[in-house]
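Hi everyone, thanks for coming. I'd like to walk you through some side-chain packing today, so let me put the structure up.

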Amino acid sequence: MPLQSLRMIENWPVPTAAVAVVRTDGTVAGSYGPQEHRFPLASVTKPLAAYAALLAVEEGAVELDEPAGPPGSTVRHLLAHTGGLAFDEDRVQAAPGERRLYSNAGFEALGDHIAKATDIPFPQYLREAVLEPLGMAATDLPGSPAKDGVSTAADMARFGAELLAPRLLAPQTLAEATSVVFPGVRGVLPGYGTQNPNDWGLGFEIRDGKSPHWTGASSSPRTFGHFGQSGTFLWVDPDAGAACVALADRAFGPWAVEAWPPLTDAILAELR
């Protein structure tokens with residue numbers, strides 16, 4: 001029985017949208033919309049890039065606490081948006097670990113650091129480490145590891161399944177990445193304003209008790225994921241045993257703030 005709640009995307013004010021929900025065992029609980037349509041991911045690129053970075057750590061190519069980015073910053077700082085770099089330029093705005101400064105520049109510094117350490121261009125490293133093993137053949141990174149990924153709902157559902165039950169990463173590595181790093185740090189969640197604390201893991205935003213938020217009112221505090229300015233999101237709710245990807249081709253704005261949480265709540269209610 002497909003998830004009827006997914007039909008809610010028919011009412012979204014967007015030209016094209018696709019949604020898929022996957023369970024911990026990797027089965028697709030439901031999907032709606034063109035599953036093979038390629039959408040720009042915007043910042044939903046970051047969890048993919050972070051996963052590649054965590055694999056580089058496991059392989060011993062880099063270490064979480066080695067210097068990377070601005071002076072005093074480490075790989076861990078960059079993954080957790082606490083390296084101190086500005087949003088979209090290579091300019092230091094704060095000391096490392098002091099504030100949660102959401103930073104595309106930080107993820108670009110991270111990509112450069114891993115490329116130097118592995119002697120492999122970061123898009124190629126991502127493809128070989130993450131995309132190919134997961135069968136994500138329609139996914140590509142033609143530019144920045146912060147925001148330039150392109151993918152499909154079907155491919156991102158495969159990634160969601162990996163985040164629910166990791167095969168490429170050690171479970172303890174993913175558990176660390178989806179737990180709060182540098183707790184108690186305040187910062188701005190783009191589109192939602194200042195939050196104190198603004199909790200993140202290593203490349204994944206953590207829901208905790210944030211309000212307002214782009215997930216649902218019934219999403220568990222352990223929910224983690226990311227949303228993108230291109231109208232995209234990926235959440236993983238370990239308590240519900242499910243992950244959801246929704247992709248659209250209209251920029252994030254008030255429509256998304258209104259449309260996303262009811263969809264998530266309806267999905268979680270139907271899964272229960």
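Let's begin with a question: which residues form one aromatic cluster? They are Trp12, Tyr192, Trp214, Phe227, Phe233, Phe252, Trp255 and Trp260. Please keep in mind that this is a predicted model.

Staying with aromatics, the structure holds 14 aromatic pairs. One of them is Tyr51 with Phe159, an edge-to-face pair with 5.4 Å centre to centre and 90° between the planes. What I like here is the sequence separation: Tyr51 sits in helix H1, residues 45-59, and Phe159 in helix H5, residues 153-164, so to speak a link between distant parts of the chain, 108 residues apart. Both Tyr51 and Phe159 are buried.

H1 and H5 come up again when we turn to helix H4, residues 122-131. Its buried residues are Phe122, Tyr125, Leu126, Ala129, Val130 and Leu131. Looking down the axis of H4, you'll find these buried residues within an arc of 155°, so they line one face of the helix. And what covers them? The cover includes H1, H5 and helix H3, residues 104-118.

Technical notes:
Residues are numbered from 1 along each chain as its sequence is written. This is a predicted model: local features need pLDDT of at least 70, side-chain atom pairs count only at pLDDT 80 or more; totals for chains, interfaces and linings use all residues. Side-chain values use heavy atoms; hydrogens and water are left out. Rings of Phe, Tyr and Trp (its six-membered ring) pair if their centres lie within 6.5 Å; planes under 30 degrees apart count as stacked, over 60 as edge-to-face and the rest as tilted. Helices (H or I, at least four residues) and strands (E, at least two) are DSSP runs, numbered from the N terminus. Buried means under 20% relative accessible area, exposed over 50%, partly exposed in between (1.4 Å probe, protein chains only). The arc is that of the directions from the helix axis to the C-beta atoms. Contact means heavy atoms within 4.5 Å.
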